[in-house]
Each structure stands twice: as C-alpha cells, then as structure tokens.
Amino acid sequence: MNKGFREILVISGKGGTGKTTLASSFALLPPEKVVVDADVDAPDLHIILKPQVLEAQRFMGGRVAGIDPDKCDGCGLCRELCRYDAITPHYRVDPLACDGCALCYFACPREAITLKEKEAGMWFLSRSRGGPMTHARLYPGEENSGKLVTVIRNRAKELAQEEGLELILIDGPPGIGCPVISAMTGVDQVLVVTEPTPSGHHDLERVVELAWGFQARVQVCINQWDINPQRTEEIERWCGDRGVEVIGRIPFSPEVPRLQAQSKAPVEEEGPGAETIIEIWKNLLEVE
Ligand code: SF4
Ligand code: SF4
C-alpha cells in the first residue's frame with residue numbers, strides 16, 4: 001500500500017445482485033474513507049448516501065462534427081459517407097446522431113468541417129453520509145464512460161491524499177466492459193457480489209477472470225444465498241477450486257426493499273443481515 005491508501009472495488013457481473021446495497025452499507029461503516037460511485041451510466045449510491053455537492057465539473061468526452069456554411073459548397077460527399085445519418089439535407093450536423101468518427105472531416109474537399117469536444121456528462125465532489133464522495137452522471141447516449149470513471153477515481157485519490165484517508169471504496173459499474181476495466185485498474189482488492197442463480201454464477205466467472213488480469217486480490221460474497229443453497233455450494237466449490245476466497249453469505253431479507261424505499265442501508269437497522277454485512281466488511285479489511 002505504498003500509495004498511501006487502499007482501494008477496494010465492489011463489483012458484480014451484472015446489475016441487481018445487491019452490489020450497491022452492500023457498497024452503501026460499507027460506506028456507512030468505519031473507518032472513514034473516500035467513496036466513489038463508478039456506475040456513471042446509472043448511478044444510484046446517492047439515494048442512500050445523500051451527497052451534498054461541493055464541486056461540479058463538466059465532463060468533456062467524445063467529439064462532434066460541425067460544418068462551416070461559408071466554406072461548404074453542398075457537394076454532398078459528407079452526407080453520402082456518414083454512416084450515422086448525422087448530416088441533414090441542408091448540411092447541418094445533428095449532434096445527437098454524430099458519433100465523432102471524423103470520416104466527414106477528412107473527406108470534405110473544402111475543409112469546411114471541424115471536430116470539437118463535446119460535453120458528455122457532469123462529475124461531482126460531495127460530502128455524503130459515507131464521507132467525501134466522487135460521483136458522476138454520463139448523459140444518455142454518450143460514450144466514454146471509462147474515461148469518466150478514471151476522472152472520478154483520480155479525484156478520489158487526490159482527496160484521500162489531501163485528507164489523509166487510507167481507504168477508497170468504489171461501487172463499480174455492472175458488466176465487464178470499458179467502465180469496469182477503468183474501475184478495476186490499479187485497485188488492491190475486488191469484492192465480487194453474486195447471487196445463487198445460473199446467470200449469477202456465469203457472470204461471476206466472467207468478472208473473476210477479468211479481475212485476475214489486474215492482479216488485484218479477488219474475493220466473493222454470495223447475496224441471498226438461501227434462495228438456492230445447492231447453487232451456493234456450487235459457486236463456493238468453483239471458487240475453492242480456483243483459490244478464490246468466499247468471505248461471506250448474506251441471507252435473503254424481506255426487509256431490504258423496505259429499507260431501500262426509506263433510502264436506508266441494511267446496516268442502519270439491527271438484525272442478522274446487518275451483522276453479516278459488518279462481518280464481511282471486517283473480513284475485507286483484514287486482508288494485508
Ligand atoms: S463534404 Fe464538405 S463541402 Fe461537401 S457538403 Fe459536406 S461539408 Fe459541404
Ligand atoms: S463525424 Fe462521423 S458521425 Fe459525425 S457527421 Fe461526420 S461522418 Fe457523420
């Protein structure tokens with residue numbers, strides 16, 4: 001941990017496994033930490049952590065073409081070439097349709113086309129119930145979510161250094177795509193949250209294999225393990241055979257939806273669910 005802080009990423013192969021419920025609980029437990037909501041396409045950690053924004057920044061991602069009407073002679077080449085039908089019959093660019101591929105820019109014989117960076121989202125530095133927090137929102141249809149994840153992770157690292165905090169907790173995006181890779185790069189630990197279903201098991205395998213490539217320590221916890229104890233055992237066997245540590249089983253709790261409706265994390269009410277989550281958090285922190 002020579003960088004001065006430890007980064008723990010909570011992730012799942014897909015949405016709906018209880019990952020954010022767990023991450024929000026961890027955020028509310030000691031020690032003090034910086035929290036990152038890296039699900040920039042569909043952030044929801046704020047519902048429970050209630051951040052108060054201190055700093056808001058525009059995120060510039062991707063490019064958009066523009067046509068200078070004084071230079072354009074209406075030859076039509078750009079319209080013919082554009083695979084996204086982003087150029088109107090009057091040679092204007094529809095910014096929502098333009099992919100920024102630059103084909104028209106290079107093809108235009110009159111050098112009438114420019115490419116500009118466009119605003120693709122916003123990111124925030126906040127104070128939340130879980131401590132300092134960085135989070136973001138990518139605008140609908142925009143790409144570059146991986147770059148945005150990197151931006152908020154970098155800001156979180158600066159914050160950890162500025163405030164002398166030794167822990168960064170990252171609530172990761174779903175899937176195994178570009179934003180997940182950005183969330184995983186350089187972290188110290190990855191906790192994969194899964195559920196005992198065929199798709200849960202399949203997604204777990206994909207995300208664990210991805211995490212191995214990053215040399216992070218990978219651990220697993222099984223949410224709602226008792227809805228299918230046999231599948232839970234299969235998952236544990238799969239993990240055991242590959243040296244992946246299963247650090248906890250969380251039982252199904254009918255209370256979770258009620259708590260979510262009240263914008264509360266499970267650890268905010270006493271009960272077996274809260275105790276299990278506290279135990280998992282302790283197990284996570286015990287790793288050297
Ligand atoms: S290729 Fe250039 S000159 Fe031709 S229509 Fe497009 S912008 Fe105008
Ligand atoms: S940059 Fe690509 S997508 Fe955008 S208008 Fe030009 S050709 Fe079409």
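**Grounds for the description**

Guide: In this predicted model, buried residues make up 45% of the 288 residues in the protein chain.

Visitor: What makes a residue count as buried?

Guide: A residue is called buried if 20 or more other C-beta atoms lie within 10 Å of its own. Of the 288 residues in the protein chain, 45% are buried.

Visitor: What makes β3 and β9 edge strands?

Guide: The sheet is open, with nine strands in the order β3-β4-β5-β2-β6-β1-β7-β8-β9 and mixed pairing. Its edge strands are β3 (52-67) and β9 (245-250), because each pairs on one side only. From one strand to the next, the twist averages 20°.

Visitor: How do you know that β7 and β8 pair?

Guide: Two strands pair if DSSP finds at least two bridges between them. Strand β7 (residues 189-194) and strand β8 (residues 217-223) have six bridges, in the parallel sense, and therefore count as paired. For Thr-194, the bridge partner in β8 is Ile-222.

Visitor: Which strands does helix α5 touch where it packs on the sheet?

Guide: Helix α5 (residues 145-163) touches β2 (34-37), β3, β4 (113-128), β5 (131-138) and β6 (167-171). The direction of helix α5 makes about 165° with that of β5. Helix α10 (residues 272-286) also packs on the sheet, touching β1 (6-11), β7, β8 and β9; the direction of helix α10 makes about 165° with that of β9.

Visitor: Why are nine residues of the shell around ligand 1 called nonpolar?

Guide: The class follows from residue type: Cys and Leu, for example, count as nonpolar.

Visitor: Which residues come nearest to ligand 2?

Guide: Of the 14 residues around ligand 2, those are Cys-82, Ala-86, Cys-98, Cys-101 and Cys-104. The shell around ligand 2 divides into 12 nonpolar residues, one polar and one charged.

Visitor: On what grounds is the protein chain divided into domains, and where do they lie?

Guide: The bounds come from an automatic or database domain assignment, which gives domain 1 (6-50 + 129-286) and domain 2 (62-119). Taken over C-alpha atoms, the centres of domain 1 and domain 2 are separated by 41 Å.

Note on methods. Residues are numbered from 1 along each chain as its sequence is written. Chains are lettered from A and ligands numbered from 1 in the order in which they are written. This is a predicted model: local features need pLDDT of at least 70, side-chain atom pairs count only at pLDDT 80 or more; totals for chains, interfaces and linings use all residues. A residue is near a molecule or strand if its C-beta atom, placed from the backbone, lies within 6 Å of it. A residue is buried if 20 or more other C-beta atoms lie within 10 Å of its own, exposed if 12 or fewer, and partly exposed in between; C-beta atoms are placed from the backbone. Helices (H or I, at least four residues) and strands (E, at least two) are DSSP runs, numbered from the N terminus. Axes are lines fitted to C-alpha atoms, for helices over the stretch in contact, and angles run from 0 to 180 degrees between N-to-C directions. Two residues are in contact if their C-beta atoms, placed from the backbone, lie within 7 Å.
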